[in-house]
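Morning, everyone. Please have the structure up on your screens. I'll talk about cores first, then rings.

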Amino acid sequence: FPFPYTPYRIQEQFMEALYGALEAGRVGIFESPTGTGKSLSLICGALSWLRDWEEKRRQEEARLLALEAGGQDGLAPQQAPPGSADTAEQPDWVTAFVRKKEERDMVDRLKEKQIRRKKREDCLEKIRHNVQLKYAAKRKRCEEDEAKRLLQLSKEALSQGVGEDALDQLDHNEEELILAEYESDDEKKVLSGLEEDDDGDDLEEEHVTKIYYCSRTHSQLSQFVREVQKSPFGKDTRLVTLGSRQNLCVNEEVRRLGALQLINDRCMEMQKNKHEKKSDEENEGKKRRVSRTVCPFHSYEQMQFLRDEVLVAVKDIEQLVSLGRETKACPYYGSRFAIPAAQLVVLPYQMLLHEPTRNAAGIKLKDQVVIIDEAHNLIDTITCIHSAEVSGSQLCCAHSQLLQYMERYRKRLKAKNLMYIKQILYLLEQFVAVLGGNVNQNPGCQAVSQTGTVLKSINDFLFQSQTDNINLFKVQRYCEKSLISRKLFGFVERYGGPASAVKTNKENQKLAGLQNFLLTLQQGSDKEGDPPVEAEHDQLRTASPLMQIEGFLSALTNANQDGRVILNRRGTVGQSSLKFLMLNPAVPFAKVVEECRAVIIAGGTMQPVADFREELLRCAGVDPARIVEFSCGHVIPPENILPIILCSGPSNQQLEFTYQTRDLPQLMDEAGRILCNLCNVILGGVVCFFPSYEYEKQVYGHWEKTGLLSRLAAKKKIFQEPKKANQVEQVLAEYAKCIKRCSQTGGQMTGALLLSVVGGKMSEGINFSDDLGRCVIMVGMPYPNIRSPELQEKMTWLDKTMPRAAGQAPSRVLTENLCMKAVNQSIGRAIRHQKDFASILLLDHRYARPAIFNKLPQWIRERTQVKPAFGSAFAELRKVRTRLSYV
C-alpha cells in the first residue's frame with residue numbers, strides 16, 4: 001500500500017482487512033484507536049482498492065473491445081450451450097442474433113463511455129496545466145458582471161418616471177405568494193410517466209465507481225481532506241467535499257439569515273425566481289411586476305467551471321468557499337455537479353443517512369462504497385435524524401399563519417389547494433387539542449390540566465387525535481410539491497413582522513391580527529420564563545413553524561411498529577410538545593446496505609460492537625456471513641498505559657456510585673481523598689469525568705463545604721467544564737496554559753485538574769494529549785436515565801424484537817452498551833499518539849464484572865489491573881511516575 005511513511009504493523013493489518021472487505025463486498029465494523037493513524041489507513045487502503053478496481057475495469061473493457069475488433073467469432077464462447085433453456089424454445093439463429101446484438105450494444109456503450117472518460121480527463125488535464133485558461137475564464141466573468149451592471153442601471157433609468165402606484169406594485173408582487181394549481185398523484189399518472197423534477201436527468205453524467213466518506217462534523221471532514229492532501233493519493237484523486245448551505249453559501253444576503261432552514265428556503269426561492277423570470281418577461285406587457293431577486297452566484301456556466309476546478313485538485317470546505325467567492329459560482333451546487341466524476345466524495349452524516357437529503361444532493365449509492373467514520377454513535381445519529389418534535393406554540397402559530405393566508409387568498413386559490421390547506425389546518429387543530437389546548441387562544445396563556453408524558457403508537461395517536469381518516473402520504477406530498485411552507489414564510493415575512501410596513505387599508509386590517517398574535521406569542525413565552533434560546537431558533541419558531549411541522553407529519557408516515565409518538569404535556573400548551581421517536585434505526589439504514597457494494601463502519605472506539613451487529617445490521621437484513629469485524633491494538637508500548645479498576649478508597653469505603661448511593665457524603669468524601677492522593681503524585685493535567693452535570697455540581701459543592709476543595713487547589717488549579725459550547729475553547733486554553741506554566745516554574749502547584757462530564761463537550765473530539773491528560777479518572781458508571789420515557793420505550797421494543805444474548809435481556813444489554821460506549825469515549829481522550837502515556841482510573845467495583853469488563857476496548861482491557869484496595873493501586877501509580885519520568 002502506498003503510504004507517506006513506513007506504516008506500523010497494525011496499520012498494514014487494518015489496510016489489508018479493509019481492502020479484503022471492499023473486494024468481497026462486505027459490511028465491516030472497523031476499530032482503530034485514535035492516535036494509530038486511522039484516517040491515513042482508511043485513505044490508503046480504500047484508494048488502493050479503488051485504483052486497482054479501476055485498472056481491472058479498464059483491462060476488461062480493453063479485452064472486450066479487442067475481441068470485437070478481431071471479428072465476431074471472438075465473442076462466440078459467451079453464447080449459451082445448445083440445449084439450454086434459452087435455446088430450447090427458439091431456433092439457434094434467433095438466439096445467436098439476439099446474443100450478437102446484445103454484445104454489439106455492450107461494445108457500443110463501452111466505446112461511448114471511453115470517449116466520455118477521455119474527454120473529461122483531457123479537459124481536467126488542460127485546466128491543471130494551462131494557467132491561461134483560468135485567466136480567460138476570469139476575464140469572461142468580469143465582462144459578464146460589467147454587462148449585468150450596465151443592464152441593471154439601464155432598467156433603473158427606465159423605471160424612473162413611471163408613475164405607477166406603489167401599492168399596486170406591491171399587490172402584483174404578491175403573485176409569488178399564491179400557490180400554483182396542484183395536481184394530485186392520481187392525475188399525475190394520466191400525464192406522462194416522468195416526474196416533474198426530472199429536468200435534465202437524461203443529460204446527467206454517468207457516476208463512476210466511488211467512495212463516499214462521511215463523518216460527524218465539518219471540522220472532522222476538513223481534517224480528513226487535509227490527510228488526503230498529505231497522502232500519496234493527494235495529487236491524483238478527484239475529491240469533492242459536500243456540505244450544507246450554511247457552510248457553503250457565498251451569498252452574504254442569504255448567509256445573514258443564520259438559521260439553516262431559512263437559508264435553505266431563501267436559496268430555493270431565488271432559484272424559483274430564476275426559473276420564472278422568462279414567463280415574467282412574457283407577461284411584462286400586460287402588467288409590470290416588481291423584479292424578484294435572483295442569486296448572482298447560481299450561474300450554470302460558472303458552476304461548471306467551479307466543478308472542474310474542484311476535480312483538478314483536492315480542496316477542503318474553506319478552500320471550496322474561497323474558490324466560490326473568487327469565481328462568483330455557488331460552491332453548494334457547484335460541488336454537487338462534481339459528484340458523478342468524483343472518486344472520493346466527503347460529506348456529513350445527515351446527507352448520506354437521510355434518504356430525501358441524499359436524493360436531493362444527487363447521491364447514488366448503487367454499487368458504490370460507503371465509509372462511515374466516527375461511527376460510535378451511529379445508531380443514535382440515525383434515530384435523531386429520523387425523529388421530529390413540534391411544540392404547542394409552533395402548532396398554534398402555524399395554524400394562525402395558515403388561516404390568515406387562506407383568508408387573504410381564498411378567491412385566488414384553486415379547489416385542490418383549499419382542500420389540502422383545510423386538511424392541514426384540521427391536523428393542527430387536532431394536534432393542539434390532544435395536548436389539551438385550543439388553537440384560537442394564546443398557547444403561552446393556556447394552562448394544561450393533565451401534565452405528564454404519554455407514549456402512543458402511531459396508529460393510536462392518529463386515532464386519539466381523530467386524524468386517522470386523513471391520508472398523510474398525500475398531505476406530505478402536497479407540502480413537498482406545492483412549497484406551501486415557503487409561500488407561507490414569504491407571506492409572514494411581508495406581513496407578520498412588527499417591522500414590516502403594512503398599510504392600514506380595509507384589505508390589510510385583518511392582517512394586523514397576525515402581527516398581534518405573533519407578538520403575544522413572544523410575550524407569552526417570555527412571561528413563562530422559558531430558558532433562553534439562540535436567536536436563530538427564535539426566528540425559526542416565529543417565522544416558519546410549518547417547516548418543522550412538515551418533518552413531524554413526514555415521520556408519522558413510518559410503519560406503526562417502527563416508531564412512537566410522545567405527548568409531553570407541561571405547564572402550558574405552548575411549552576407542551578409532540579415528539580416522534582424512531583425506534584428502529586435499521587429501517588432507514590437498510591437501503592444503504594442493500595444498494596452499496598460495501599459499507600465500512602469505522603471508529604476509534606467501537607466497543608461494544610454487539611448493538612451494531614444485532615440492532616442495526618441484522619435488523620436491516622444483512623446476512624451474518626457478509627459482516628466482518630476488525631479491531632487492532634494501539635501503537636503505544638504496553639508500559640505507557642496503566643488502566644486500574646479501583647474497588648475501594650483510602651478508608652476502605654467500597655466504591656459503588658449507583659443512582660441510589662452516590663449522594664452519600666462518605667462516598668463523595670472517598671472520591672475526594674482519591675483525587676487528593678493522585679494529585680500529589682501525578683504531574684501535569686488530571687481529567688476527572690462525572691456521570692452528569694448535576695452530580696458534578698453536587699460533588700463540587702460538598703467538597704467546598706468540607707474543605708477538601710482547598711486541599712485539592714493547593715496542588716492543582718481546578719477547572720470545571722462549562723455548559724455552553726462557546727466557552728469550551730476558553731476553558732481549555734486556560735487549562736493548557738496553567739499546565740505549561742506549572743511545568744516551567746515548578747513549585748507547589750503541579751498542574752491542573754479538569755472536572756468534566758461524560759457525554760459533555762469534552763468527552764468527545766477533544767484531545768488531552770501529553771501533559772494535558774496524564775491521568776483520566778471515571779467516577780462511577782454513567783448509565784443512562786432509565787426513567788426517560790424514550791429509553792423505556794426503546795427497551796420495551798428491544799425486548800419484544802431482539803433475542804436474549806448470553807442469558808441477558810436486550811434492554812439490559814442496551815443500557816450497559818450505552819454506558820460503556822460513553823466510558824470508552826471518555827477514557828480514550830488521554831492516549832493520542834505513539835509516545836504518549838497516561839493512567840486511567842475507573843472508580844467503581846462494578847467495572848470488574850466480566851460482562852462490563854469485556855466491553856472495554858481490547859487495547860485497554862489487555863493492560864487493565866483490578867485493585868481491591870487503594871494502597872496497591874497507589875503504589876502502582878508511584879512506580880509509573882518513576883519509570884516514565886513524569887517530572
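Quick one to start: which residue lies over the face of Trp-53? It is Arg-597, at 4.4 Å from the ring centre. Keep in mind that this is a predicted model. There is another charge over a ring to look at. The charged end of Arg-774 sits over Phe-837, 3.8 Å from the centre of that ring.

Now the cores. The largest nonpolar core has 68 residues. Leu-378 and Phe-589 have the most contacts inside it. Helix α27, residues 586–595, gives the most to this core: 5 residues. Look at Leu-378. Beyond its neighbours within four places in sequence, Leu-378 touches Leu-353, Ile-372, Phe-589, Ile-601, Phe-612 and Leu-616. A second core is separate and has 51 residues, including Leu-402 and Phe-580.

On to the rings. The structure holds 18 aromatic pairs. Take Phe-431 and Phe-461. Their ring centres are 5.4 Å apart and their planes are at 35 degrees, so we call the pair tilted. Why does this pair tie together separate parts of the sequence? Because Phe-431 lies in helix α19 and Phe-461 in helix α20, parts that are 30 residues apart. Both residues are buried.

Phe-461 has another partner, Phe-552. That pair is edge-to-face, with 6.3 Å between centres and 80 degrees between planes. Phe-552 sits in helix α26, 91 residues from Phe-461 in helix α20, so this pair links distant parts of the chain.  Phe-461 has a relative accessible area of 0%, and Phe-552 also has 0%.

Last stop: Phe-14, Phe-30 and Phe-630 form one aromatic cluster. Thanks.

Technical notes:
Residues numbered from 1 in each chain as written. Predicted model: local features only at pLDDT ≥ 70, side-chain atom pairs only at ≥ 80, totals over all residues. Heavy atoms only, no water. Core = buried A, V, L, I, M, F, W, Y, C linked by side-chain atoms within 4.5 Å. Buried < 20%, exposed > 50% of the residue type's maximum accessible area, 1.4 Å probe, protein only. Helix = DSSP H or I, 4+ residues; strand = E, 2+ residues; numbered from the N terminus. Contact = heavy atoms within 4.5 Å. Phe/Tyr/Trp six-rings, centres within 6.5 Å; stacked < 30°, edge-to-face > 60°. Lys NZ or Arg CZ within 6 Å of the ring centre and 35° of its normal.
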